[in-house]
Structure formats: C-alpha cells, structure tokens
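Work through the exercises below with the structure open. Each task is followed by its solution.

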Amino acid sequence: MLRACQLTKTFGGLSVLLDVSLDFRPGEVHALMGENGAGKSTLMKLLAGLYRPDGGEIQWRGRSVRFATPHDALTQGIAMVHQELMPIPDLTVAENLMLGMEPVNAWGWVDHAELHRQATTWLRQLGTDLETSRPMRTLSVAQMQVVEIAKALARQADVILMDEPTAALSDHEVSALFKAIATLRQRGVTVVYTTHKMDEVFRLADRISVLRDGHLVATKPAGEFTPASLITQMVGRELAQVFPPVTTTPGEVILTVTQLTREPAYRDISFTLRRGEVLGLAGLMGAGRTEVVSAIYGLQPADAGAIRLLGKPLVLTSPADGLTAGIGMLTEDRKGSGIIPAMSVQHNLTLAALRHYCRGAVVDASAEKAVTRQAAADFAIKSSGPAQAIQQLSGGNQQKVLLARALLAAPEVLILDEPTRGIDIGAKAEIYALIGRLSAQGTAVLLVSSELPEILALTHRILVLRQGELSAELNPRQTNQEEILRHAMPR
Amino acid sequence: MIHFPAFDRNLRHRVGIVVVLVVIAALLALTTDSFATAANLTNVARQVSINGILAVGVTFVLLTGGVDLSLGSVVALSGVTCALFAHPGEYPLFVPICVGLLTGGLCGLLNGVLVTRGGIAPFIVTLGMMTVARGLALILSGGKPVANMMPALTDLAGDLGPLPIPVLCFATVALLSGIFLGRFRLGRHLYAVGGNEQAARAAGVSVTRVKLLAYGTCGLLTGLAGVVLAARITTGQPNAGQAYELDAIAAVVIGGTSLSGGVGSVIGTILGVLLIGIINNGLDLQGVSSYYQAVIKGVIIVGAVWLDRRQSRS
C-alpha cells in the first residue's frame, strides 16, 4: 500500500539514508529498528512529507507521490506522531486534537460542545479520560503524546508513523498505547513505529525492518528475530555484555542531603552519596525525581533542607553554583535544557567548562579544538566536524556531546537524569561503560532512570521515590523490578 | 594572520547580500559619474557611521533574542546631555563625551535590569524607554536645540588624516565587538543565551549577567552615536534620531542575525549597514524623490533578506 522505492536523503554531503526500498502493508505494525543516526527518523520524515527525497520515490496506493508538506501527506491519509511533540500550549486539549477540522454550526462558528464531544470520543478509543478543556501546557509529556495519537486517529489516517512514542511514557501509559495500537491494527491501519525498547518490539510488531548507517539490512516477520539477533543486525557486531558488572566499592561520604523539601514536588528527602558510588533514583513519572536532583545542581532550588558536599554546606541558587562546587548534571530534556541547537558541536561541548579553555577572558581556540577532538574520539561522537551545528546530529550523538560537556568540568558528583532516554543500544552500552569507569575513578554518580533493568544492573544502591517522598532504600542485588514498582506505586 | 571567527563564521552564508551589494554598487558606478569617486565614497562612509555604531550595539541585544526600540530616543537624550556639558570654557573635552556615553549606558543598563530582574518583555521595556528618553531629552533641553558647543567637540565630526572621525569610531567599535563576540568567553555566552536560554542556564551561564552586558553595551554605543551626532549637527537636538532604531535593526537583520537570537555576526551587520547606506546614497544621486526613496528602500530591504534566507536554506 505504502512503498518506499530506493529512497535516498543526504544532509550537507552526508547521506543519512541510502537506497532504501521497503513496503508497508495494511493493518500491520511495522517496527523500524536501528541505532541513532541509522536513518529511522529520516525515513519516517520522508514518508510523512517533512523531508523531500534526494533520490528514489514514494508510492502510495500504487501511484508515485511527492508530498510537498506534511499536510499533503496527511490529506492522503499518512499521519506522523513526532518524537518531539509540537502542541499549541495555550489551546485546550480538544482544540489541539481537532485543529484544522473543528466542527462548525450553521453560522460557521466553532461548535464547542460538539468539539469537546468528538475529542472525548477519540480519547476514549485510546483508553484515556483526559479532560478535554484543559490547556495543553498543563499536560505531562505522556498525556500530550496520547493527544497527538488521538489527533492522527481523528484524521482518519490509514498510516500512522510513530517516532518513539513510548520514550516518555510510564508503564501504565505504555499498555494503554499498546491497546490503542491493537485497535488501529484491527481497523486495517498501518502503524510504523520506532523504539529503542527491545521488549516492546517483540510484544507489538508484526514485521521488523532494521536500518544501519542509512542502509536497510533486514526486513522479516518479528517471529524470525530473537533479541540477540536483532541487536547484532542493528549494531553490525556482537555486543559484548550490555551492562558492565559493578565491581567498585564506594568510599567516604561525599554528599549529604538532609530533609530537602520543595512543596508540592517533594518533601523530607534525606540521603548520602559516597565516592565512587552509583546511586539509583527510581520512581514513576511525577514522583519528584527530576525535581530533587535539580535542587542538588541548583537548577530548581529547594525551599528547605540542607545539601553538604564533604561536610561543607552548599548554597545552590543556580547551576553555576553547582558547577563551582563540583556537581555536574546531564538534564533530562535534551532539547529544552540541553543543546543550543544552532551552535556548533564544539561550542556546545565546551560551554559548561569554557573557563578551562580560556586565557583570561579570551577563548583559547587551539585548546578548545584539541579538547573537542579528544572528546569526539573518547565518546565516539559522529559528526561531519566540530563546526557542525549540533541540531544536525542524531539524538544519541547529541546526548554524547552533552555528557562530555558535563564531564569536561570534572565534577565530583555527577547527576544523570534519564541519560539513555531515546538513544540507541550501542550508545546506551557506551554510556553504561562510562558510568562504570567514572565510578572506578571515584566520581559519585546519581542516576535517575525509568528503565529499571538499567537501575538494577548499574547501581550500588537504589532509592525509590513515591509522590515526592522516599519510600524505600533497596539493595539492587537483592531486589527486583516488581519490588521497586511496589514501592513506587501511589497508594 | 589573525583570525576572527565572528567575522567569517557566517560569511559564506552571506553570499546573497554581498551579491546584492556588489550589483547595486556596480549599477551606480555605471549609471552615475559621481558614485565611484573618493569624495562620494567617503561621504557614504560618513553617513553610515552613526547607523553602523547603533547597529553593532543592537546586534548584541538581538543575539540574546531581545530587541531595543529605544535607540533613536536615547541618541537624542545622549546628544542633549552631552551638549549641556559642552559649552566653551566650562569643562574639558572628555566631560561632555563621558556624560553622553554614560547617559546611553545607563539607559541600556536600565533596560537590561527591567528585562532580567523585572521579567518584562524587551519589546515593552524598550518601548517604554523610547518615550521616556525622548521626554527627558525635551525636558532637559527645554524643547529647543542645545547650541553653543565647544569647537573641540564639534571637530569630532571632522577628519583625522584622510578619514572622518565618525568612520574611525564605527570601525573601532565594529572591530572590538567582532573580537569580543568571536573570541571572548562572554561573547560565546551571548550566543548560548540567545540560542537556548534554558540550556545556557543549565550549563552554568549567568543569563542575567549576559543580558545586562548586552543591553548595557548597546546603550553605551547608542550614547556614542548620540555624541557623534551632536558633534556633526553642532547642537544637542531633542528631536534627533527619530526612527533610527528601525534602520539599525534592519541592517542587523539584513546581515543575517536572527531576530529570535543565537545566530549572527558583526561582519553581517557591517554588510547590512553598507547596503542601506549605498541604497540611500544611490537614490540621492539618481535624484529620486524622497517619497519614492522610502518605498524603494523598503522593497530592497525585504528583498535582500529574502534572497539571503533562500541562500542559506539551500
């Protein structure tokens, strides 16, 4: 029904998709797998009319088509749900959902009652009873995602392209989404889907296509893959053990947090962190994990409580304070508070530690260039050069630049907030290995993650947050995902 | 060879405007006898220098994603305060100059404080400053031009060797600003704040300090433009500088600086200033009526930016 014929796309001389031919059948869930930068997002954006191919063509219902805009694709029945959501924050849920297809009365005015009724119907089909009159800006990322999918549904799309729809969803929401996808499949809708979560692919996909470095390397029914064979295809090599074993023994206490409180996000949070220790912070979305670690970095100061580094009380009112004290952080929201999109890789990289590459107030260009070359090698950052704008890099490579940025300041305490969200398995393994190395060097790591296997395998100790309160401290060797979830679930 | 990133970082993206500049200059050279003469070109340089100083200043603010609409009024206010201290025999030369510069700098700093500490949108803050500064200029001057300025100050509109002093001022300001934006840590921070304020803050950049610096610098350079203008017209004119901010912002945007911040360069601004200057000069030489001049200028400004954006997109 929808067919990609020898599609090719290049950006600034770098081909990101090469000669990819692939067909999508009605009523199938088709997973696109591959590392970051393999070309999955690019392929989707070509199909959705966001990009125009540099070679090859798209066939839709047997005819060759050229979509000039996403709107073209949409009117033909191809909708895309984006990795980075694009809601209009001040309109309501219903207005966002029905944007451009608002029901009107005889006068040509928007019929608001009908608008909300229709919006509610679509949302119900996805198993959510979200209030349709809420302004979009008050929704969580997960809720916005659901609205985006409902939006595609409302447009009667025959093909729905989903770029990592579950990256920001909690387990509960993921199952709601899967139910919705099952409904779509029954109706004969084609769902094309990317994810980095292995278990999901095998639960969901009918067929899997694997992309590597812009080439299509395999298309087979999901049943003909095993997780191991899939990873091998994606990476192009056998991955050594994904999680490095925890071998280090924590040293002296370096960070002491006492009764940290910021209502309504969290209250009475107390814990210690040792040199070389990897401390996991688990919890559901909205449990206050990000807020707590943001306070320790100075990003969102706490109202009450104390933070001591090596016994010395810290006053943290801005990230600059955190950095000066020796605390580094990789923020959760790569696009919102991570990258400076239009800036080069080099300038993004050195931003937090720029004073180390200056003579007085002047940037030492050669020192900066040297450290960039070093970091690009150490972190396996793929770019066309240090001057390339970071926005042109894949998510995983952006993340590596940001991680390198945090580490250039040589922090004693490193906070990692969802460091592997939305990045490929190869990059994940690199980050896991890096956490191991940091721990061995004596850096204390505070790891926030929604991926429980990650937390279980990498940490010395796990703290669980529930609705802004510490609910448990667990030994990762003597616990399991179920126990963590039990402590994380609201009562 | 010394290498200034801020001068050439975006230069190859500025091909569109360079082409427009060259074509217009070539046309003028061919169709008029007077354009390609040393006297006329010096005249063009002299005429663009005030807009040039303002444009370089407002580049700082636009790079942070802000805007400054108070330039014209602050030029007038600085010119008036400068002239008030410039009567012959009262103070040495540096006093009126410093007063003019300080007036501009303080106005800019106040803009910055209101934007950062007050959390008010730059458009509103500087719109307020625009009327306040104009009002203050009228109050301080009693609504009349402040005349009787010392010759040492009005001489500043003259030449130093072969070059007009205002042109030297513009060149110096542009050079220093280019070096600052391209080479200094704080210059880099300016781009970071404009590119993504949240991310810049999270990376330890003091957003407040950077914005104060941008608005303060812009104000200081506006003060300088006020002093240069007062010297040139030999009075402090409370009604001077009407709509100067528009030409300055137009020049910066033609030069490729993004109104949403984070992207731009001093070399681009210089090109934009030159383009506007040559258009003005050319239309004068062709004897085009000022009514038509306004229309033509507007079309060329929008056209140049359109060409430029098409270029850098492809």
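The exercises that follow use a predicted model.

**Exercise 1. Overall form of chain A**

Task: State how many helices and strands chain A has, and decide how its radius of gyration stands against the globule rule.

Solution: 
- Step 1. Chain A contains 17 helices and 22 strands.
- Step 2. For chain A, with 491 residues, the globule rule gives 23 Å, and the radius of gyration is 23 Å, so chain A is as compact as a globular protein of that length.
- Step 3. The C-alpha trace of chain A spans about 70 × 50 × 45 Å along its principal axes.
- Step 4. Of the 491 residues in chain A, 49% are buried.
- Step 5. Among the contacts in chain A with a separation of 6 or more, 69% are between residues 24 or more positions apart.

**Exercise 2. The side of chain A that touches chain B**

Task: Find how many residues each chain gives to the contact, and which elements of chain A give two or more.

Solution: 
- Step 1. Chain A gives 23 residues to the contact and chain B gives 19 residues.
- Step 2. On the side of chain A, the elements that give two or more residues are helix 10 (319-325), helix 11 (334-337) and strand 18 (362-363).
- Step 3. Helix 10 of chain A supplies the largest share of that side, three residues.
- Step 4. Sorted by class, the side of chain A that touches chain B has 16 nonpolar, five polar and two charged residues.

**Exercise 3. Two packed helices in chain B**

Task: Decide whether helix 5 and helix 11 of chain B are roughly parallel or roughly antiparallel.

Solution: 
- Step 1. Two packed helices are described by the angle between their axes and the distance between the axes.
- Step 2. Helix 5 (residues 94-116) of chain B packs on helix 11 (residues 207-233) of chain B at an angle of about 150°, and the axes are 6 Å apart.
- Step 3. Angles over 145 degrees count as roughly antiparallel.
- Step 4. Helix 5 and helix 11 of chain B are therefore roughly antiparallel to each other.
- Step 5. The crossing of helix 5 of chain B with helix 11 of chain B is right-handed.
- Step 6. The residues of this contact divide into 14 nonpolar, 14 polar and one charged.

**Exercise 4. One residue of chain B**

Solution: 
- Step 1. B:V19 and B:L307 are 288 residues apart in sequence, while their C-alpha atoms are 9.7 Å apart in space.

Key:
Residues are numbered from 1 along each chain as its sequence is written. Chains are lettered from A and ligands numbered from 1 in the order in which they are written. This is a predicted model: local features need pLDDT of at least 70, side-chain atom pairs count only at pLDDT 80 or more; totals for chains, interfaces and linings use all residues. Axes are lines fitted to C-alpha atoms, for helices over the stretch in contact, and angles run from 0 to 180 degrees between N-to-C directions. Helices (H or I, at least four residues) and strands (E, at least two) are DSSP runs, numbered from the N terminus. Angles under 35 degrees count as roughly parallel, over 145 as roughly antiparallel, 65 to 115 as roughly perpendicular and the rest as oblique. A crossing is left-handed if the near helix is turned anticlockwise from the far one by less than a right angle, and right-handed if clockwise. Ala, Val, Leu, Ile, Met, Phe, Trp, Tyr, Cys and Pro count as nonpolar, Asp, Glu, Lys and Arg as charged, and the others, Gly among them, as polar. The radius of gyration is taken over C-alpha atoms; the globule rule is 2.2 Å times the number of residues to the power 0.38. A residue is buried if 20 or more other C-beta atoms lie within 10 Å of its own, exposed if 12 or fewer, and partly exposed in between; C-beta atoms are placed from the backbone. Two residues are in contact if their C-beta atoms, placed from the backbone, lie within 7 Å.
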